Amino acid sequence: GGGGGGEGEAGAVREEVHIDHEAGIVRLPPSLAPGAYQMDPEMEKKRQHVIRELMHTESDYAQQLKAIVQYFLLPMRENGVVTILEHSHIFSNLEILTLTTLDVAKALESRKRMSSVNGISGIGDIFLSKVDELIPVYSNYCSHQKEALETLERLKFKEKKAFLQFCQEARAQPGINGLELDALIIKPTQRICKYPLLFKELMRYTPEDHPDYANLEKTFECLEKLVDVVNENSREANNLKRLRKVESSLTNAGHIKLLMPGRHYIHEGRLTKVSGKNIQDRQFFLFSDMLLYAKPIMGKSKYEFKGLLPLDALYFVDLDDSDAYENAFEVGRSDSAKKYILYAKERKIKYQWLQQLTDAKERLGQDKSGNESEIGFRMHTDASEIDTNHQLKLVDIQTRIEGTKDIVKVDRKFVREGPAMGALGEDRYLYLFSDMLMVAKAKSAKKFVYKFHIPMDCIAVASLPDAEGVYENAIEFVRMDNQKKYQFQLPSPTEKEEWLQDIDAVTTALIAGDSNKDAPALLERKATYNTLPTVPAVEVDTPVVESDDSSTPSRDSTPVPLYRQQSAPGGMEIKKDLKKSEKKKILKAMTSSSIIVNDDSDSDDDEDLEEKKKKRKWDQDSTTSLCTECEVKFTTTNRRHHCRNCGRIFCGQCTLKRRYLKAIGFTKKVRVCDRCFINPDRITPTTPKQ
């Protein structure tokens with residue numbers, strides 16, 4: 001034989017191998033016959049020691065797999081302590097793997113019986129003859145390792161009595177050695193990782209011109225590739241375990257989803273955080289895409305979530321020691337003025353953190369440069385790291401808005417956000433996502449209160465022409481399911497155009513089926529909107545008054561944008577230089593043409609006040625379960641409140657304002673809704689219910 005170890009030579013040696021499957025014997029090739037090769041006695045002694053170790057450990061391993069099948073796999077399949085699906089997740093193809101391993105162990109034992117007094121001439125041909133079976137069997141089993149461990153973890157968490165009792169009894173059986181099932185099912189993974197080490201050691205004491213060297217070399221290469229795959233799966237399993245552990249240790253973090261595709265745990269530790277005059281002890285967790293910090297809870301291995309920082313927006317600066325602090329470094333956000341000083345107890349810990357942060361950011365940058373692609377309206381959809389950035393943005397929005405429903409969803413993507421002014425001059429903040437438009441009320445520079453949202457599969461948007469002195473850069477949203485309209489004024493013409501384009505792109509994506517929406521229904525809605533008659537501008541959250549004009553605008557076969565240019569309110573000609581009284585008339589015309597309250601006395605200014613009081617009626621509590629303004633559901637804690645002016649029912653957040661209503665008998669400031677605070681004469685006042 002030769003020591004080239006080439007493809008053709010290994011194949012030639014392999015052809016000499018003959019297996020008697022029934023007897024479990026691998027017949028000895030002539031090249032490995034006793035006395036066919038003479039080598040140094042001292043090296044041969046070491047070589048024989050490695051061969052015996054490999055054969056002995058292989059035999060023990062095969063017997064342990066047999067015990068697992070006998071005392072766990074087969075009984076659990078029959079006694080019903082786990083479901084069929086759980087059984088499949090736990091054991092995967094362990095039966096086939098066990099049979100293959102037993103074949104190898106029998107062949108090795110047969111070779112041992114055929115050996116001469118000088119020892120075993122070779123075993124590489126046995127493994128090479130089985131490598132085509134071993135690789136797919138082990139690859140399949142190890143790829144399901146994470147799933148198996150997760151299933152066992154869930155079963156333990158449920159504390160299923162029958163399952164726990166069975167495992168306790170099975171652990172006492174011979175060959176199990178008292179091991180837990182989760183320790184047993186990772187035995188194949190551990191064994192496959194030992195094979196390359198054993199073969200490498202055997203090759204070390206085998207001359208390259210030995211007849212068995214080519215077999216050993218080829219088998220070693222195949223097993224080493226398999227180990228790379230197994231190690232990657234093992235790292236993923238360990239990473240998943242770490243992420244679960246961190247997620248379970250956090251409180252006040254219901255909106256945080258740590259288990260995201262592409263996210264990896266990197267490092268954690270205790271640092272002191274300095275922000276302004278506040279000095280706080282915090283636990284920091286570094287992941288592949290973000291830095292999360294939390295407040296330690298005394299006496300518990302729990303932490304109260306405090307905040308997170310996207311890694312791609314962070315910078316780090318090493319700070320010299322000063323009288324104020326030692327072992328410190330600065331962490332800041334490149335997209336804002338926010339920055340913190342963090343310091344560690346030891347210099348070694350400080351530089352460990354700086355190294356971990358720097359490496360993590362470099363890896364994130366490399367992943368992004370290789371994977372990022374921009375689609376349509378700046379919605380990124382391909383790489384898992386990109387999806388992670390969307391999730392981080394959703395988490396950031398969730399933390400800034402009070403009273404929101406669950407914003408963080410796996411398939412939801414952030415598109416854009418920005419300030420706007422409502423039809424009545426109120427400050428609003430708009431968020432556009434891949435599946436909805438959300439409207440919030442500004443509470444402070446960074447905090448907002450949720451008002452309402454509109455699903456993107458039932459929205460249309462119109463571009464309103466500028467009315468000098470009244471509004472400019474305005475757009476109107478229409479809910480096609482109930483014909484409610486919402487008007488907003490944007491800061492600039494550029495922002496208005498960008499909003500219109502992005503909304504149209506989102507809805508186009510929905511129609512194309514990118515979000516698994518009902519495309520025919522969307523197309524019908526889109527066509528319906530473009531055939532609606534031109535109507536006056538409408539106040540926020542009110543039904544539409546349709547025009548008598550039933551004519552349908554002509555359209556060619558080209559796609560129609562989901563926004564359109566709309567005429568001036570009420571068909572009135574808007575003058576350039578409007579007096580204050582004229583502006584009021586226009587606004588009054590807009591209001592009176594839009595508000596439908598089933599009350600014919602809106603325009604009857606001469607009616608006696610006492611007659612108005614008699615007509616006044618508050619809405620009954622039983623008539624609605626949602627706030628008239630923001631549509632939030634009423635509960636035992638979120639109670640109903642009547643506006644003292646219009647009599648409609650609102651939540652507490654929408655009736656925070658107070659004003660005098662002397663015209664209807666209130667001599668003190670009373671609760672009113674946002675609209676009535678701005679314009680108490682917008683509807684007929686009526687007598688409050690006692």
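Which residue in β15 does Leu437 stand opposite?

Author: Leu437 stands opposite Ile454 in β15. Before going on, a word on the ground rules. This is a predicted model, in which local features need pLDDT of at least 70 and side-chain atom pairs count only at pLDDT 80 or more, while totals for chains, interfaces and linings use all residues. Residues are numbered from 1 along each chain as its sequence is written, and side-chain values use heavy atoms, with hydrogens and water left out.

Back to your pair. Strands β14 (residues 436-442) and β15 (residues 448-455) run antiparallel and are joined by seven bridges. Strands here are DSSP runs of E, at least two residues long, and helices are runs of H or I of at least four, all numbered from the N terminus. Two strands count as paired if DSSP finds at least two bridges between them.

Zoom out and β14 and β15 sit in an open, mixed sheet of eight strands, ordered β11-β15-β14-β13-β12-β18-β17-β16. At its edges are β11 (401-402) and β16 (459-463), each with a single partner strand, so one side of each has no neighbour in the sheet.

There's another sheet to look at. Eight strands again make an open sheet with mixed pairing, this time in the order β3-β7-β6-β5-β4-β10-β9-β8. Its edge strands, β3 (250-251) and β8 (314-318), each pair on one side only. Inside it, β6 (residues 290-296) and β7 (residues 303-310) pair in the antiparallel sense over seven bridges, and Met290 has Pro310 in β7 as its bridge partner.

Now for the helices. The axes of α2 (residues 41-79) and α7 (residues 161-170) come within 11 Å and cross at roughly 150°; axes are lines fitted to C-alpha atoms, for helices over the stretch in contact, with angles from 0 to 180 degrees between N-to-C directions. Tyr71, Phe72, Pro75, Met76 and Asn79 of α2 make the contact with Phe163, Phe166, Cys167 and Ala170 of α7, contact meaning heavy atoms within 4.5 Å. Those residues split into eight nonpolar, one polar and no charged; Ala, Val, Leu, Ile, Met, Phe, Trp, Tyr, Cys and Pro count as nonpolar, Asp, Glu, Lys and Arg as charged, and the others, Gly among them, as polar.

α2 also meets α3 (residues 84-91): their axes come within 9 Å and cross at roughly 160°, which makes α2 roughly antiparallel to α3. Here Ile68, Phe72, Leu73, Met76 and Arg77 of α2 touch His87, Ile90 and Phe91 of α3. By class, that's six nonpolar, one polar and one charged.

Then there's α4 (residues 94-113) with α5 (residues 124-143), whose axes come within 10 Å and cross at roughly 165°. That makes them roughly antiparallel too. Their contact residues divide into 12 nonpolar, two polar and five charged.

Last, confidence. The chain averages a pLDDT of 75, and 73% of the residues score at least 70; pLDDT is the predictor's confidence in each residue, from 0 to 100. Over residues 371-388 pLDDT stays under 50, and the model gives that stretch 38 contacts beyond four places in sequence.

Key
Parallel < 35°, antiparallel > 145°, perpendicular 65-115°, else oblique.
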